[in-house]
Amino acid sequence: MAEPVRIFGPVISTYVRVVEIVAEEAGLAHEVVPTPAQSPNNRHPFGKVPVVEIDGLELYETVSIAHYLDNAHNDGALQPCDPVARAVMDRWIAVANSYLFPLFEHGLVMPWIMHRFARISLDEERIAKSLPGIAKTLDFLDLEIARDGAWTAGDFDLGDVFLYTILLGVRLTPLGGAGIAQCERLSAWMAICDARASIRATRWETELS
Ligand SMILES: N[C@@H](CCC(=O)N[C@@H](CS)C(=O)NCC(=O)O)C(=O)O
């Protein structure tokens, strides 16, 4: 039997979850080896997580890892063959990683996590500063779903995986959850993703409580 994919990173981490979902989609066994980004054991040259061991390789950068898992072990099933659909998917992955993740993570998700789990007082100033940009971005995403239908009209692809996982962190915060609930199409698309087997199989404990 093949060795499980070893994913080095925190058990609750957006990009670790992306890798877990893609591994599930490919039918690969996988395990998270708890490794904080700041740990001396973290082998990412830029101090990020995850780092992944698979097929005797050590991979880092989630886009690269996700493509490798899908290409080498899933016949590329999470990537459309049509060049236009592929370009749209690639654009959404880039948007998710370049703009959405930094905005949501630093402006809302991390302050909330630090407050909730590390019992640090909530950085309300930072959140208040970020909220207008976050609200505007959620509206933009809600409209985009209707405009090109790219997320829901096509098959589930890597774009869905990145977007869903990044938006999940937002939805788990009280303010973010309320914001997403107001976006009808975004909520409906997230609900479709919520029901997907790979996403259900990799749920965090905090999602269940
Ligand atoms: N470009 C990296 C980004 C990964 C990333 O930002 N991971 C977060 C956790 S979800 C992290 O390492 N945070 C810790 C830090 O930035 O110190 C990738 O795609 O793998």
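**Cavity, pocket and ligand**

Modeller: The largest cavity holds about 40 Å³ of space. This is a predicted model, where local features need pLDDT of at least 70, side-chain atom pairs count only at pLDDT 80 or more, and totals for chains, interfaces and linings use all residues. Residues are numbered from 1 along each chain as its sequence is written, and side-chain values use heavy atoms, with hydrogens and water left out.

Colleague: How is a cavity found, and how many of 30 Å³ or more does the structure hold?

Modeller: Rolling a probe the size of a water molecule over the atoms shows where empty space is left. On a 1 Å grid over the protein atoms alone, a cavity is a set of points where a 1.4 Å probe fits but cannot get out; a pocket is an open set with protein on both sides within 12 Å along at least five of seven lines; lining residues have an atom within 4 Å of a point. Grid points are joined across faces, edges and corners, and a volume is the space filled by probe spheres set on the points. Here there is one cavity of 30 Å³ or more.

Colleague: Which residues line the largest cavity?

Modeller: Its lining consists of Thr-14, Phe-101, Phe-104, Glu-105, Val-109, Ile-166 and Gly-169. Helix 3 (83–118) and helix 6 (158–171) each give two or more of them, helices being DSSP runs (H or I, at least four residues) numbered from the N terminus. Helix 3 gives the most, four residues.

Colleague: What is the volume of the largest pocket?

Modeller: That pocket has a volume of about 1200 Å³. It is lined by 34 residues, and Ser-13, Thr-14, Phe-101, Glu-105 and Met-110 lie nearest its centre. Helix 3 again has the largest share of the lining, with twelve residues.

Colleague: Where does the ligand sit?

Modeller: A molecule sits in a pocket if more than half of its atoms lie within 2 Å of its grid points. The ligand sits in the largest pocket.
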